[in-house]
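Colleague: I am new to this one. Can you put it on the screen and take my questions?

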Amino acid sequence: MTLLRILWKSLWNRNVTATLTVFSIALSVMLLLGIERIRLGARESFSNTISQTDLIVGAKGGTIQLLLYTVFRMGSATANISHETYESFSKHPAVKWVIPISLGDSHRGFRVVGTNANFYEHYRFRQDKRVVFAQGRAPDGILDVALGAEVAEKLAYKMGQSIAVTHGVTDGPGILNHDDKPFTVVGILGKTGTPIDRSIYVTLEGLEAIHMDWKDGAPPRRGEEIPASSLRKEDIRIGQITSFLVRTKNRFETLGLQREINIYEKEPLMAIIPGVALSELWSVVSYAEDGLRLVSWSVLFVGLLAMLIAIYTSLQERRREMAILRSVGSGLPKIALLLVAEAFLLTFLGVAIGISMTYGILFVLQPIIEGKMGLFIPIQSLTLLEWGFVAAILGCGLLIGIVPALKAWRNSLADGLAVRFVLPMFVLATSAVAEAKPLQVASSVSWLQEIAKEVTCGGQGIEILPSLVAPGADPHSYQLTPKGRMNWAKADLRLIIGEGIETWNEKTAGAQNKIFTATRGLNLRRVDDESGNASEGEGHAHMHVRGVSVFDPHIWHSPKLTREVALNLFNFLAPKVPSKRNDWDVCMRAFVQKTKQAESNVHKKISTIPSTRRVLATNHDSFSYFAETFGLKVVAISGISTEGAVTPGRMRRALDSIRKEGAKAVFLESSASPETVQKVAAELGLKVGGELYGDGLSAPDKPAGTIIGLWEYNADTIVAGLKP
Amino acid sequence: MTSVDAALEIRDLRHSYAENSVVLDIPEFRVGKGEMLFLHGPSGSGKTTLLSLVTGVLPVQSGKLSVLGQQMDALNASQRDALRAAKMGYIFQVFNLLPFLTVMENIQLPLQMSRQKSARFKNQDEVKKNIHDLAGRLGIGQLLNRRAGELSVGQQQRVAAARALVGEPELIVADEPTSALDSELRQSFVETLFAQARLQNSGVLFVSHDKSLMPLFDRSVALSEINMVMKGKNP
């Protein structure tokens, strides 16, 4: 039960191959059963060419010959029988009805059959089907003719058409035509799927009439012809017919009657039982049937072989599956059983689908085949023989399953619990190798490291090294620890802010192509002298690269830019560790969500400050992004870099602008000198606000140790300092 | 001679795959029940062979091997399979799970293979509840309905640990289970495994070449010390 469920899921996991295998078996089964059905149908049609006739009576000769010319309209009789004999048997007490058959002439290769009304009334085929007229009526007048369905169709004859009968049986246009007495088409028979369709029917009198003026099998000499107009049915006396069909009143009398006919003294006669003769004839043609069956068995063999190949080749990649099952306690026999069961299941499904498809197709095609080919294929439950086939196929499936089962047994014995990694190369490359020794990623600053960590789910499948500038340290000093340098040097990938901000990067060793600029494509704030609150001169060292004023690097103060960096890092790192892409994607989205939540929190906090008081005076220009996002006005005490000294001139200008903007407090910055701030505050009579984190994250254990923590912390400090 | 409180007792155990190529020769070795043992050795030191013998996948060729009080050398293949199913849990280095089953189904596998393990639970609901609790403690509680193939390696190893732990086997055998994990995850994996193993009194036989994990264990043994074949080759 359990094993079966595992088997099913395992197969489902390989559903493409499994489906193909099942279908190849299903198609083979369908072909086998289909051919069997057609064979049965052909045989049925054949033996049902004539029904309800108990005896066929003709001149003495071969039994199959009599059957052929009477029923199948093939070959010809060696002798005729007299009409008197026919008459006398038709009145025989044991006889229910008789149908006379008179042959010998043809029209364009189709036999002309002389018969009487009994034929249309009593003749039966396929158990109880009778001859019906698609158009018109049965021939009654001497020169009336009815066409079999195929004749009418092939020769495209219409009702009322006049046709001449050819003497003897010839293909195509005749030589000796009875064209002096043309027949008129009065009826066209419905399709029967039997030789009836390929014959032309006239009355016995009609056949007699066209031969009346003939002598010894030759056309009448000139002047001796009897004109058609003078013929009258009553005047015609029928001399001979070819054979006749007999139905006895009581079928027990058939054998007695047959004997009686066979020893008939007045004339050498022969009576045959159609069923017996038909099966005798069928055995002659059955080699064709055997040939067909051979073909379908071959197809089935190929189908089963395909299954063997499919299962066998899957074994290699399923060694892991086997080892896992072994590890939880499966014995070798169970594993072998699993494979035999798999083969059996595939075969079973194939057989079931094959049978359904056979019936489905039969259902659709049966009327079409019957209409077009006259072949009636019965829709019935499987015959005993067919059940035999099904059992044989299932047996073969089971046997075939033993082959991979033995192989798996040997594999498992050799592998034990050691899982052989015979997996496709790409699996090895992305999971086994890449994850065994993860890529190492170094970041220049701690906030980049944090984002890298966030988007990789805390460093799943990748190693996020500590940042080059330690958290809490002043990035302006570029005091790199030996450990930081080492990490930076050994890292496989390096993340930098870019835009020339990391001037020290040039001093560290390593190939440039391993470096990724995290701010790629971001719309950063440009710092220039007109902005009023930006740097001047040597103001902000890291905003200056070789004397050119560039970008504001305090990106992590902006929730929006932080998100963009996260996306950049994800897009850069995910292709390097494809197996982690999906996991990382979730983490990246979660991080983005967190920043959005925090952004709205900070908005709420800042909104508690009356709008006129939202002026942020600090001694270092780090808060432009933050101020822009949350609607604060920034007044920096310009020119006061973390490292530079304050000249009296600059101090005066700073004091002026702070006064002008109406700042209510002056804030300290973690990396700047508090003396300057305190001096300014004292000069202007303002209060000293709390300490803000401007140039980097605090040490990890402090509240501003993360980017989001830093926003919230700074917001709280600003609110506390500015609220009335 | 087998003591009741030994998870593993070896005396003069020798194994060779071909004549004149002995891979394992252990005169004496013993692991107590419930002991957390760290067995380290480089590849080729006979680790895999020893684990195969302990788990009963390979038959004992010569010497005495007693696992959880059972003389492995006296059992036939199917009895050894049954012992493994009933009393052991196994964690592979990587690729532990049947990727087409859910995490829940993977964890349930041992219960379906062993009456003894499943007999601890009255019904299917109890099984589910137990696995939920176990998975929660291993930090994979929210993954139970995911397909195992979708998990990260770290998550897969935790699921493998859960599968080894389910049904409270007496011995958990782990073959380099952390080698595919990031260094940060290794320690937490071992700690989580131990916490649960201690809770249910399962001993752990942990094979690894990563000696940084050694301090977490009750005892650590170098395979080269006990395997005479390796003695001197890998000091």
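This is a predicted model: local features need pLDDT of at least 70, side-chain atom pairs count only at pLDDT 80 or more; totals for chains, interfaces and linings use all residues.

Colleague: Which residue stands opposite A:Thr618 in strand 22 of chain A?

Modeller: Strand 21 (residues 615-618) and strand 22 (residues 633-636) of chain A pair in the parallel sense over four bridges. Within strand 22 of chain A, the residue opposite A:Thr618 is A:Ala636.

Colleague: Which strands stand at the edges of this sheet of chain A?

Modeller: The sheet is open, with four strands in the order 22-21-23-24 and parallel pairing. Each edge strand has a single partner, so one side of each is left without a neighbour in the sheet. The edges are strand 22 and strand 24 (687-692) of chain A.

Colleague: What angle does helix 21 of chain A make with strand 24 of chain A?

Modeller: Axes are lines fitted to C-alpha atoms, for helices over the stretch in contact, and angles run from 0 to 180 degrees between N-to-C directions. Contact means that C-beta atoms, placed from the backbone, lie within 7 Å. Helix 21 (residues 707-722) of chain A packs on the sheet, touching strand 21, strand 23 and strand 24 of chain A. Its direction makes an angle with that of strand 24 of chain A of about 175 degrees.

Colleague: Over to chain B. Which strands are at the edges of its sheet of five strands?

Modeller: That open sheet has the order 6-7-8-3-9, with parallel pairing. Each edge strand pairs on one side only: these are strand 6 (88-91) and strand 9 (219-222) of chain B.

Colleague: Which residue is the bridge partner of B:Gly89 in strand 7 of chain B?

Modeller: Strand 6 and strand 7 (residues 171-175) of chain B pair in the parallel sense over four bridges. In strand 7 of chain B, the partner of B:Gly89 is B:Ile172.

Colleague: How many residues of helix 6 of chain B are buried?

Modeller: A residue is buried if 20 or more other C-beta atoms lie within 10 Å of its own, exposed if 12 or fewer, and partly exposed in between, with C-beta atoms placed from the backbone. Helix 6 (residues 153-165) of chain B lies across strand 6 and strand 7 of chain B. The helix is largely enclosed by the rest of the structure, because its buried residues number 13 of the 13.

Colleague: How many residues are in the largest nonpolar core?

Modeller: A nonpolar core is a set of buried Ala, Val, Leu, Ile, Met, Phe, Trp, Tyr and Cys residues joined through C-beta atoms within 7 Å. Here A:Val29, B:Val159, B:Ala162, B:Ile172 and B:Val173 touch the most other members. The largest core has a total of 109 residues.

Colleague: How many residues does the contact take from chain B?

Modeller: Chain A gives 30 residues. On that side, helix 1 (2-13), helix 10 (319-327) and helix 13 (425-436) of chain A each give two or more. From chain B, the contact takes 33 residues.

Key. Residues are numbered from 1 along each chain as its sequence is written. Chains are lettered from A and ligands numbered from 1 in the order in which they are written. Two strands pair if DSSP finds at least two bridges between them. The expected span of a helix is 1.5 Å times one less than its number of residues. Two residues are in contact if their C-beta atoms, placed from the backbone, lie within 7 Å.
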